[in-house]
Amino acid sequence: MLHSGSPKAMTHKLTPKQYGTLLAVVFTASFGDALLSRGMAQVGPVDFHHLSLLLHALLNLNVVCGIVLLIGFFATYTAALSWADLTFVMPATAFGNVLIALIARFWLHEPISLSRWLGILLITSAVGFVANRPARTSLEINPELPITESGVAV
Amino acid sequence: MLPAHPTSPLVAWSAIAFVAALAIAGEVLIASAMRKIGDLDLVRARHGLLGATRTVLASPTFLAGALCMALNFFAMLYTLSRVDLSLAAPGIASFNYVGNAVAARLFLREDVDRRRWLAVLFVAVGVFLLAR
């Protein structure tokens, strides 16, 4: 079905593969950041007079693994942005924050305070706001660009 | 909470704001490039994986965004070395979510309706509560 008329009509339903891409964004970003943080804690503080320490950090295994995951994040995030809005991808992948909190609670047995549970509830609600809603929108349509069945101008 | 080594709140929040600004610039530039290129699955089906990669890498907007993200990465390393993750991550993320929504509306002309604004605000507040 071709979309036309209202500029707000540029939408398309996500395929299972696209949901998989969003999940990959969540996992690679969460674990990538966690590994980077762990690695930098081992490297120690870096100040403006010793910025070369940042290059030294590239020898740390946790930092290297973090970088590998963040490259995966970058690839999947870029792919997601090719068929979805930035303001759709952001909340849809914010579930990674919840994932980290749940890992901390059930795997690392860290206590979760009431405010953290409230934070988890808010983020989960935010994902619900954009789920099953248009992934791609635009306030204007370039008439020179043909629009494909998936709602993407090519 | 700041780490044992002394980092003033001004330095900590300046670093956080700088990382967020680079991330916003990078993400908006990359989103703009990908919006012009179109669905990567379609491009790959038509031109293969190498062709799709070449198409993406040939976009100056994408390269400018990637440069911002690379700078963001080193700024992030610097920030994580001086500021606790429990402050840096939610601080950067909260600035990032709100800043990206404003930038997407202004520069990408995305239709950020009430549900999306609510989603962005819920995530920003939620991330901050997670850090408490």
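Let's start with Ala79(A), which sits in helix α3 of chain A, residues 61–81. A helix here is a DSSP run of H or I with at least four residues, a strand is a run of E with at least two, and both are numbered from the N terminus. Please keep in mind that this is a predicted model, where local features need pLDDT of at least 70, side-chain atom pairs count only at pLDDT 80 or more, and totals for chains, interfaces and linings use all residues. Residues are numbered from 1 along each chain as its sequence is written, while chains are lettered from A and ligands numbered from 1 in the order in which they are written.

So, is Ala79(A) buried or exposed? Ala79(A) counts as buried because it has 23 C-beta neighbours inside 10 Å. The cut-offs are 20 or more other C-beta atoms within 10 Å for buried, 12 or fewer for exposed, and partly exposed in between, with C-beta atoms placed from the backbone. Leaving aside neighbours within four places in sequence, Ala79(A) is in contact with Thr21(A) and Leu40(B); contact means that the C-beta atoms, placed from the backbone, lie within 7 Å. Leu36(A) is 43 residues away along the chain, and its C-alpha atom is 23 Å from that of Ala79(A).

Now to where the two chains meet. Chain A gives 46 residues to the contact and chain B gives 42. On the chain A side, α1 (16–43), α3, α4 (86–93), α5 (95–106) and α6 (114–130) each supply at least two residues. The largest share, 11 residues, comes from α6(A). By type, this side of chain A has 26 nonpolar, 14 polar and six charged residues. Nonpolar means Ala, Val, Leu, Ile, Met, Phe, Trp, Tyr, Cys and Pro, charged means Asp, Glu, Lys and Arg, and the others, Gly among them, are polar.

Next, the largest nonpolar core. Such a core is a set of buried Ala, Val, Leu, Ile, Met, Phe, Trp, Tyr and Cys residues joined through C-beta atoms within 7 Å. This one has 82 residues, and those touching the most other members are Ala80(A), Leu81(A), Ile123(A), Val19(B), Val28(B) and Val123(B). Helix α1 of chain B, residues 9–37, brings the largest share, 15 residues. What does Val123(B) touch, not counting residues up to four places away in sequence? Its partners are Pro91(A), Ala94(A), Ile123(A), Ala126(A) and Tyr97(B).

Finally, chain B itself: five helices and zero strands. Of its 132 residues, 52% are buried.

Conventions:
Contact = placed C-beta atoms within 7 Å.
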